[in-house]
Amino acid sequence: MNERYSRQILFKPISHVGQEKISKKHALILGVGALGTHTAEMLVRAGIGKLTLIDRDYVEASNLQRQNLFTEKDAAEKLPKAAAAKERLHAVNSDVDIVAIVGHADAVMLENIAPNLDLLIDGTDNFDTRFLLNDIAQKYRIPYLFGSCLGSFGMSFTIIPGTTPCLQCLLKRLPLQGQTCDTAGIIAPTVQMVTAHQGAEALKILSGNIEAVRKTYVSFDLWENDYLSLKTNALKDEACPSCGSAPTFPFLERDAGLKVAVLCGRDTVQIRPANHESLSLEQLADQWRSAGYEVGANPFLVSVQKDGLRAVFFKDGRALIHGMKDPDQARKIYYSLVG
Ligand SMILES: [Zn+2]
């Protein structure tokens with residue numbers, strides 16, 4: 001063990017004591033895409049004790065530009081990302097106990113795993129799941145590493161329950177929502193910068209150096225050469241439903257995630273998001289137009305169409321995805337449109 005991790009042990013804040021702690025810790029990475037593959041590889045190489053990976057998607061050719069654990073073979077075989085990642089990670093470090101869950105993470109699944117976790121790491125691409133993770137973090141007092149990226153823009157924030165503001169608090173003040181990779185594109189260095197932050201924070205927490213954790217929200221644009229580091233103490237809201245003095249954990253209560261229903265005889269799937277308050281139809285319509293979609297609107301809904309895809313979004317947050325009966329496929333299209 002000492003030879004394998006010797007360089008990390010030589011790093012004084014970690015040393016033998018920290019390495020020993022890392023080897024006994026269990027982290028969850030939710031979403032094994034761009035962010036998730038990078039943080040997973042870092043933690044497995046660093047000698048974490050146990051890593052649980054959850055992902056509902058499979059590997060496609062368009063992932064290979066930035067999702068570092070996957071190969072052409074994984075894409076050709078359409079391997080689930082969690083399973084493909086586990087295989088590669090096991091080859092990197094066979095001492096690590098890696099659990100791969102191929103599926104849609106909901107409140108029930110996460111509450112079952114949560115009591116055994118030391119750290120939650122954000123590898124997701126949507127805010128419904130992030131708010132769910134945020135509530136899990138608060139309810140079970142688990143540190144949560146938020147991260148997000150698109151284009152050349154990335155952001156990262158470390159949430160320590162009882163100390164820092166939570167994601168709900170942060171979102172009220174900062175414009176976190178935006179386009180998804182599918183409409184805006186992304187370059188790999190953005191991913192690496194976000195995961196460099198997440199990885200460093202993970203090592204601090206897992207090695208018992210909690211006092212070294214960054215106290216600021218950080219964002220950057222690698223193309224525009226902009227860096228922002230923001231103090232967040234003032235953002236903590238005592239009335240916050242997730243981290244305030246009388247928390248209700250709304251996203252666990254609502255079972256979070258999306259409510260998906262296949263509409264009989266209509267070849268259509270209906271999707272209801274848990275957090276439709278944050279959905280701006282005007283903003284979405286603008287994004288879709290600039291991404292080359294055909295967009296139509298009336299006072300009640302916005303329709304979007306491109307390459308055989310047809311969907312309608314209502315003001316109450318509901319979406320109808322047409323031309324299919326498969327809930328998983330419809331969910332994927334929904335997230336690619338909304339983020
Ligand atoms: Zn909060």
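A donor, in what follows, is an N, O or S atom within 2.8 Å of the metal. With that settled, here are my notes on this model, which is a predicted one.

1. Along the chain, the donors of the zinc ion follow the spacing C-x2-C-x70-C-x2-C. Within that pattern, Cys169 sits in helix H8 (residues 167-173), while Cys243 belongs to the loop between strand S8 (226-231) and helix H11 (250-253). These two cysteines are 74 residues apart, and the pair links distant parts of the chain. Cys169 and Cys243 are both buried.

2. **Geometry at the metal.** Which atoms coordinate the zinc ion? They are the SG atoms of Cys166, Cys169, Cys240 and Cys243, at 2.3 Å. The angles among the four donor atoms run from 98 to 124°. Four donors count as tetrahedral if all angles lie between 85 and 135 degrees, and the site of the zinc ion is therefore tetrahedral.

3. In H12 (residues 281-290), the buried residues are Leu281, Leu284, Ala285, Gln287 and Trp288. Why do they lie on the same side of H12? Because they cover an arc of only 160° around the axis. As a general point, an α-helix has 3.6 residues a turn, so residues three or four places apart point the same way. Glu282 and Ser290 are exposed, on the face of H12 turned away from its buried side.

4. **What covers H12.** The cover over the buried residues of H12 includes strand S11 (294-297), strand S12 (301-306), strand S13 (309-314) and helix H13 (327-338). Just after H12 comes Gly292, with a positive phi of about 90°.

5. **The strands S11, S12 and S13.** S11 and S12 run antiparallel and are joined by four bridges; Val295 has Val304 in S12 as its bridge partner. S12 also pairs with S13, again in the antiparallel sense, over six bridges. Here Leu301 has Phe314 in S13 as its bridge partner. S12 and S13 form a hairpin with two residues between them, and Asp307 in the turn has a positive phi of about 45°.

6. **Phe127 and Phe131.** Seven aromatic pairs turn up in a search of the whole structure. In one of them, the rings of Phe127 and Phe131 have centres 6.0 Å apart and planes at 50°, so the pair is tilted. Both residues are in helix H7 (residues 127-139); being four residues apart, they are separated by about one helical turn. Phe127 counts as buried because its relative accessibility is 5%, and Phe131 is buried with a relative accessible area of 1%.

7. **Phe127 and Phe146.** Phe127 forms a tilted aromatic pair with Phe146 as well, at 6.3 Å centre to centre and 45° between the planes. Which parts of the chain does this pair tie together? Phe127 lies in helix H7 and Phe146 in strand S5, so the parts joined are 19 residues apart in sequence. Phe127 and Phe146 are both buried. Phe127, Phe131, Phe146 and Phe251 form one aromatic cluster.

8. **Ser148 in strand S5.** Strand S5 (residues 144-150) also holds Ser148. Is Ser148 buried or exposed? It counts as buried, because its relative accessibility is 8% and buried means under 20%. Leaving aside neighbours within four places in sequence, Ser148 is in contact with Leu35, Arg130, Phe153, Gly154, Met155 and Val194.

9. **Positive phi outside glycine.** Two loop residues deserve a glance when you check the backbone. Arg141, in the loop between H7 and S5, has a phi near 55°, a positive value in a residue other than glycine. Arg141 is exposed, with a relative accessible area of 54%. Asn225, in the loop between strand S7 (216-221) and S8, has a positive phi near 60° and is likewise a residue other than glycine. Asn225 counts as exposed at 58% relative accessibility.

Notes:
Residues are numbered from 1 along each chain as its sequence is written. This is a predicted model: local features need pLDDT of at least 70, side-chain atom pairs count only at pLDDT 80 or more; totals for chains, interfaces and linings use all residues. Side-chain values use heavy atoms; hydrogens and water are left out. Donors are N, O and S atoms within 2.8 Å of the metal (3.2 Å for Na, K and Ca); water is not among the atoms, so sites may look incomplete. Four donors count as tetrahedral if all angles lie between 85 and 135 degrees; four count as square planar and six as octahedral if opposite donors are over 155 degrees apart and all others between 65 and 115; anything else is irregular. Buried means under 20% relative accessible area, exposed over 50%, partly exposed in between (1.4 Å probe, protein chains only). The arc is that of the directions from the helix axis to the C-beta atoms. Contact means heavy atoms within 4.5 Å. Two strands pair if DSSP finds at least two bridges between them. Rings of Phe, Tyr and Trp (its six-membered ring) pair if their centres lie within 6.5 Å; planes under 30 degrees apart count as stacked, over 60 as edge-to-face and the rest as tilted.
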